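Have the structure open while you read.

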Amino acid sequence: MGAKENLQRLYDRKLEEFSAHQKRLGEMQIYLQAIQDSIKALPREIGAANNEPFDLRPNTAVSKARDVLREHGKPMYLVDILKAMGRSTEKKERLSLGGSLSGYVRDNQIFTRPAPNTFGLIEFLNAKDKEQTDSFPDTFGKL
């Protein structure tokens, strides 16, 4: 055998190895893309970056609305929230605060919207679920 034939066989083997690695690389890229798509599909977690609860900037309209809702302990109509905050109930004010709160509702953060133009807090839902669970007597389901 000549040197040219040896080199051709070596080239063919390495080309097969290269093709196998390219195929494997393609499969890995598809796998990584699937993981990224799954991450994007999941809802954002509150305080996911540092395991802390989501917090609002103090003295903003949204933080004041949260404080008003906490004081009352139940969902409130938007106009009532504005009145409790001591702000005007004109259309401009209603649209501004309602839009801000709606953004948090869409992201499933802090606020809920149990009815049109009515806002509550997610913590109300958690407390309600706990209340219902705690309300069963210890003998519930036992004969």
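Two strands count as paired here if DSSP finds at least two bridges between them. By that test, strand S1 (residues 76-77) pairs with S3 over two bridges, in the antiparallel sense. Keep in mind that this is a predicted model.

**The sheet**
- Three strands make an open, antiparallel sheet, in the order S1-S3-S2.
- S1 and S2 sit at the edges with a single partner strand each, so one side of each has no neighbour in the sheet.
- Strand S2 (residues 111-115) runs antiparallel to S3, joined by three bridges; one of the facing pairs is phenylalanine 111 with leucine 121.
- S2 and S3 form a hairpin with two residues between them, and asparagine 117 in the turn has a positive phi of about 55°.

**Both faces of S3**
- In a regular strand, side chains alternate between the two faces of the sheet.
- For S3 (residues 118-121), both faces are covered: Thr118 and Gly120 are buried on one side, Phe119 and Leu121 on the other.

- H4 lies across S2 and S3, at about 105° to S2.
- The largest nonpolar core has 18 residues, and Leu69, Ile81, Leu97, Leu101 and Phe111 have the most contacts inside it.
- Helix H2 (61-72), helix H3 (78-85), helix H4 (91-106) and S3 each supply at least two residues of this core.
- Beyond its neighbours within four places in sequence, phenylalanine 111 contacts residues including Leu56, Val62, Leu69, Leu101 and Tyr104.

Definitions and conventions: Residues numbered from 1 in each chain as written. Predicted model: local features only at pLDDT ≥ 70, side-chain atom pairs only at ≥ 80, totals over all residues. Heavy atoms only, no water. Buried < 20%, exposed > 50% of the residue type's maximum accessible area, 1.4 Å probe, protein only. Helix = DSSP H or I, 4+ residues; strand = E, 2+ residues; numbered from the N terminus. Core = buried A, V, L, I, M, F, W, Y, C linked by side-chain atoms within 4.5 Å. Contact = heavy atoms within 4.5 Å. Axes fitted to C-alpha atoms, helices over the stretch in contact; angles between N-to-C directions.
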